[in-house]
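User: I'm new to this one. Can you walk me through it?
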Amino acid sequence: MDSLPIIDLRPLRDGGDPHAVADALDAACTDLGFFVVTGHGLASELRAAMMEQAQRFFALPADEKMQIWIGKSSCHSGYVPPKAETLDAALGADSKEALDITIDRGPDHPEVMAGTPLHGPAQWPDSLMPEFKSVAEEYSKACLDINAHLMCGLALALGLEVDAFEPMFTDPIASLRMLNYPPAPAGDLAPGAGAHTDYGSLTLLAQDDIGGLQVAARGGGWIDVVTPPDALIVNLGDMIARWTNHRYVSTRHRVLNPVGAHRYSIPYFVAPDFHAVIEAIPTCVEPGAEPIYPPIEAGEYMLSRFDATHDYLKEKQVS
Ligand SMILES: O=C(O)CCC(=O)C(=O)O
Ligand SMILES: [Fe+2]
């Protein structure tokens with residue numbers, strides 16, 4: 001296979017017969033865990049507005065971006081400068097820069113009051129970009145809606161009730177990420193984004209038309225991911241592989257540095273509620289067999305993965 005399957009999500013959204021979509025999702029999730037979706041409901045104007053806000057943010061001077069450095073956040077929200085995240089340890093730090101906007105939870109949110117990690121206020125580039133927050137919140141809402149529809153499709157695909165996953169996504173660990181990949185200066189061998197698998201349940205990715213995203217093909221080599229305008233790429237994170245006892249796969253992917261132009265992309269990462277227990281879905285375990293993994297809280301799992309890749313968290317562990 002040298003391209004990703006394209007799945008139209010409309011039947012999941014408009015009350016049509018969802019079973020053909022569920023079958024297509026099942027095939028894609030079993031095979032590569034990467035697919036392209038259309039009919040997802042994210043308006044192209046909103047996507048363009050979010051892209052524009054991302055580009056404007058990254059164009060700010062470094063010291064202004066560092067005002068919301070992720071190291072100041074209690075909940076993994078804020079600016080990640082270039083070379084501060086290492087996705088493929090063999091290649092070293094990524095050249096991309098990122099802005100992570102987590103769900104904004106105030107001091108009276110029960111999980112914030114309880115001191116639960118990954119819960120707290122988002123860091124906004126407020127004073128610098130007054131429209132940013134409303135665009136990002138609308139964009140996030142649209143992505144969570146797509147995630148909910150996709151999880152209904154996956155529930156059907158896995159032989160569960162359509163709403164089986166709903167109770168695990170009441171207050172999810174979700175993050176809107178904006179990425180800027182500058183063209184690499186001559187002689188700089190840092191990867192754009194090193195090869196990695198994602199950590200959570202689903203990632204919904206909007207990429208521009210510069211190219212560079214590649215997915216590891218099953219038989220070796222890399223598939224260049226090309227998407228129709230306005231389509232989203234969906235990929236499964238390791239948590240889904242774990243949850244489905246490896247019936248579904250999360251596949252390594254990487255981003256090559258662009259040549260001559262910046263590449264911008266917007267992945268939206270979703271994982272279940274912090275305290276949702278991720279244990280093998282019964283329809284994914286052979287009768288009498290032991291699941292591959294023991295149960296784990298979604299939040300604990302996410303924390304372990306962030307710790308391994310982000311410099312600011314590695315520094316906290318040392319000090
Ligand atoms: O920039 C992209 O297209 C992909 C980024 C990615 O894989 C990630 O942030 O996990
Ligand atoms: Fe990724």
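Analyst: A term to start with: Ala, Val, Leu, Ile, Met, Phe, Trp, Tyr, Cys and Pro count as nonpolar, Asp, Glu, Lys and Arg as charged, and the others, Gly among them, as polar. This is a predicted model, where local features need pLDDT of at least 70, side-chain atom pairs count only at pLDDT 80 or more, and totals for chains, interfaces and linings use all residues. Residues are numbered from 1 along each chain as its sequence is written, chains are lettered from A and ligands numbered from 1 in the order in which they are written, and side-chain values use heavy atoms, with hydrogens and water left out.

User: How does the lining of the largest cavity divide by class?
Analyst: Into 20 nonpolar, eleven polar and six charged residues. A cavity here is a set of points, on a 1 Å grid over the protein atoms alone, where a 1.4 Å probe fits but cannot get out; lining residues have an atom within 4 Å of a point.

User: How much space lies in the largest cavity?
Analyst: About 470 Å³, where a volume is the space filled by probe spheres set on the points, and grid points are joined across faces, edges and corners. Of its 37 lining residues, Arg177, His196, Asp198, Pro267 and Phe269 are the closest to the centre.

User: What coordinates the iron ion (ligand 2)?
Analyst: His196 (NE2), Asp198 (OD) and His253 (NE2), at 2.1 Å. Donors are N, O and S atoms within 2.8 Å of the metal (3.2 Å for Na, K and Ca), and sites may look incomplete because water is not among the atoms. Along the chain, the donors follow the spacing H-x1-D-x54-H. His196 lies in strand S6 (residues 193-196) and His253 in strand S11 (residues 253-255), so the pair ties together parts 57 residues apart in sequence. Strands (E, at least two residues) and helices (H or I, at least four) are DSSP runs, numbered from the N terminus.

User: Is His196 buried or exposed?
Analyst: Buried, at 13% relative accessible area. Buried means under 20%, exposed over 50%, and partly exposed in between (1.4 Å probe, protein chains only). His253 is also buried, at 6%.

User: Switching topic, which residues of H3 are buried?
Analyst: Leu46, Arg47, Met50, Met51, Gln53, Ala54, Phe57 and Phe58. They cover an arc of only 160° around the axis, which puts them on the same side of H3; the arc is that of the directions from the helix axis to the C-beta atoms.

User: Back to cavities: what is the volume of the second largest cavity?
Analyst: About 30 Å³. Its lining has eight nonpolar, one polar and no charged residues, including Trp243 and Tyr248.

Conventions
1 Å grid on protein atoms, 1.4 Å probe; cavity = no way out; pocket = protein on both sides within 12 Å on 5 of 7 lines; lining within 4 Å.
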